[in-house]
Amino acid sequence: MTRTQAIVFDMDGVLIDSEELHAHAKRIAFAHEGIELSDDDLSSFVGRSDAVMIDEVGARYGLTEGQRSTVLNEKKRIYEEEEQGIKIVSGAIEFVRWAAEHYRLALATSATPRNRMTNLNRLGIASLFEVTVDLGDVSEPKPSPEIYLTVTSRLALHPSQCLVVEDSLTGVLS
């Protein structure tokens, strides 16, 4: 039996409770283009990148590439303006600190590099992660396994030596 050497954490939904803010920002950004997002529009993309969600949903509603780019930029602006209100998942920081005493730690997130750095620094745990991988490090977002394969490669571990903490189906599939 392979002994666990590292724990790999997702960020959104695992360490921070950001889904409500992401949904709020997307609803407003799409509303500026005359589109009212349904709960299904939002829930089917939990754990996936904003760019993928906005591109796929925008195409379904007939938005041009330029309009989709505007929606993405507006979503980012709203998120960044309101991100100081993001709540920490109860017990997450304590668990990360405990885990850092017993395992090597890594982070695999669908967040942008900016959002990853901002949130980890705000939580005061950035230095606990030996490896961090975000959208800036991969060509295919979750549910592609690329993000986790990149993490295990950088840790120089076999995937079976890692335990993953995920909260979304998209993340589990990856």
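Entry 1, strand β4. I am working from a predicted model. I looked up strand β4, residues 104–108, and asked how many of its five residues are buried. Four are, so β4 is largely enclosed by the rest of the structure; buried here means under 20% relative accessible area.

Entry 2, partners of β4. I checked strand β1 (residues 6–9) and found that it runs parallel to β4, with four bridges between them. F9 has L107 of β4 as its bridge partner. Strand β5 (residues 131–133) also pairs with β4 in the parallel sense, over three bridges. There I noted V131 of β5 as the bridge partner of A106. Between β4 and β5 I followed the chain through helix α6 (residues 113–123), and this β-α-β crossover is right-handed.

The lining has 30 residues, and S49, D50, S110, A111 and L135 lie nearest the centre. Helices α1 (19–31), α3 (50–60), α4 (65–82) and α6 each give two or more residues to this lining. Which element gives the most? I found α4, with five residues. By class I recorded 13 charged, nine nonpolar and eight polar residues in the lining.

I listed D17, E20, L21, H24, E82, G85, I86 and K87 as its lining. The largest share, three residues, comes from α1. The classes are four charged, two polar and two nonpolar.

Key:
Residues numbered from 1 in each chain as written. Predicted model: local features only at pLDDT ≥ 70, side-chain atom pairs only at ≥ 80, totals over all residues. Heavy atoms only, no water. Buried < 20%, exposed > 50% of the residue type's maximum accessible area, 1.4 Å probe, protein only. Pairing = 2+ DSSP bridges. Right-handed = clockwise from strand over helix to strand, strands pointing away. 1 Å grid on protein atoms, 1.4 Å probe; cavity = no way out; pocket = protein on both sides within 12 Å on 5 of 7 lines; lining within 4 Å. Nonpolar A, V, L, I, M, F, W, Y, C, P; charged D, E, K, R; others polar.
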